[in-house]
Amino acid sequence: MQLIFATNNAHKVSEVRAILDGTGVSVVTLAEAGLDVDPPETGDTFEDNALQKARFVHALTQGWVVADDSGIEVDALGGRPGVHSKRFSPEATTDANNRLLLAELEGTEGRTARFRCVLALVGPGHEATVSGSCEGRIAHAPRGADGFGYDPLFLPDETPGRTMAELSSAEKNAISHRGRCFGRLPELLP
Ligand code: IMP
């Protein structure tokens, strides 16, 4: 079964393709589906945003659509940046976001955090969501060249001493918030 993945984030697409490899479920990108759109995400929760993106693309296509909304919650910041992770800094670039996160945590020893992801599946007469998380801590400096976003600053509890950007993609997908959601996608389908 093939679904449209309602994202323009190439990193998410390659992660999700690796997670779904061998399951019989595959995704096509918005561009591959001939859609030049940027699905809206104006909600206050990961679930609202994931559903909003999937419903938006379903309304255009009537097809089976999957979307995710994700981000990082830092306990010392009261859960920020959370749903605003993509646009945490005014520049909204990966480097600026990571620099701002380190600056806001300067001098803070309690650095627990988690990545969260909510997947929304929308098809004809069908809606479902599933969530996944990955617990860890924010490092004092970025490390590693793989992954994207906040990966160089995130130390998963399950991989002591290594940031998410120091894991292979298979290692990341086995423990990540996104791996935990999309690993369950096949069982959500009719
Ligand atoms: P959105 O789900 O498109 O709203 O984007 C969420 C933002 O959270 C991304 O732009 C990244 O900054 C961050 N994020 C989500 N998942 C990950 C991940 O797996 N690694 C690193 N950063 C992530």
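Reply: A92 is placed in the loop between β3 and α3, and this is a predicted model.

The ligand is surrounded by 16 residues, and the closest are K12, S70, D151, K172 and R178. Sorted by class, this shell holds eight charged, five polar and three nonpolar residues. Two elements, β3 (65–74) and α5 (177–182), each supply at least two residues of the shell. With three residues, β3 gives the most.

Some of the contacts can be described atom by atom. K12 has a polar side-chain atom 2.7 Å from an oxygen atom of the ligand. D151 has a polar side-chain atom 2.7 Å from a nitrogen atom of the ligand. In the side chain of R178, an N or O atom is 2.9 Å from a nitrogen atom of the ligand. On its own the ligand has 490 Å² of accessible area, and the protein covers 95% of that. The space that the ligand takes is the largest pocket.

Now the backbone. The loop between β3 and α3 (94–104) also contains P81, which is joined to R80 by a cis peptide bond with omega of about -5°. A92 is not a glycine, yet its phi is positive, near 60°.

Q62 lies in the loop between α2 (46–61) and β3. Its phi is near 65°, again a positive value in a residue other than glycine. The relative accessibility of Q62 is 52%, so Q62 counts as exposed, for which the cut-off is over 50%.

Notes:
Residues are numbered from 1 along each chain as its sequence is written. This is a predicted model: local features need pLDDT of at least 70, side-chain atom pairs count only at pLDDT 80 or more; totals for chains, interfaces and linings use all residues. Side-chain values use heavy atoms; hydrogens and water are left out. A residue is near a molecule or strand if one of its heavy atoms lies within 4 Å of it. A polar contact is a pair of N or O atoms within 3.5 Å; within protein, one must be able to donate a hydrogen and the other to accept it, and residues adjacent in sequence count only if both atoms are side-chain atoms. Accessible areas come from the Shrake-Rupley method with a 1.4 Å probe; for residues, only the protein chains shown count as cover. On a 1 Å grid over the protein atoms alone, a cavity is a set of points where a 1.4 Å probe fits but cannot get out, and a pocket is an open set with protein on both sides within 12 Å along at least five of seven lines; lining residues have an atom within 4 Å of a point. A molecule sits in a cavity or pocket if more than half of its atoms lie within 2 Å of its grid points. Helices (H or I, at least four residues) and strands (E, at least two) are DSSP runs, numbered from the N terminus. Ala, Val, Leu, Ile, Met, Phe, Trp, Tyr, Cys and Pro count as nonpolar, Asp, Glu, Lys and Arg as charged, and the others, Gly among them, as polar. Buried means under 20% relative accessible area, exposed over 50%, partly exposed in between (1.4 Å probe, protein chains only).
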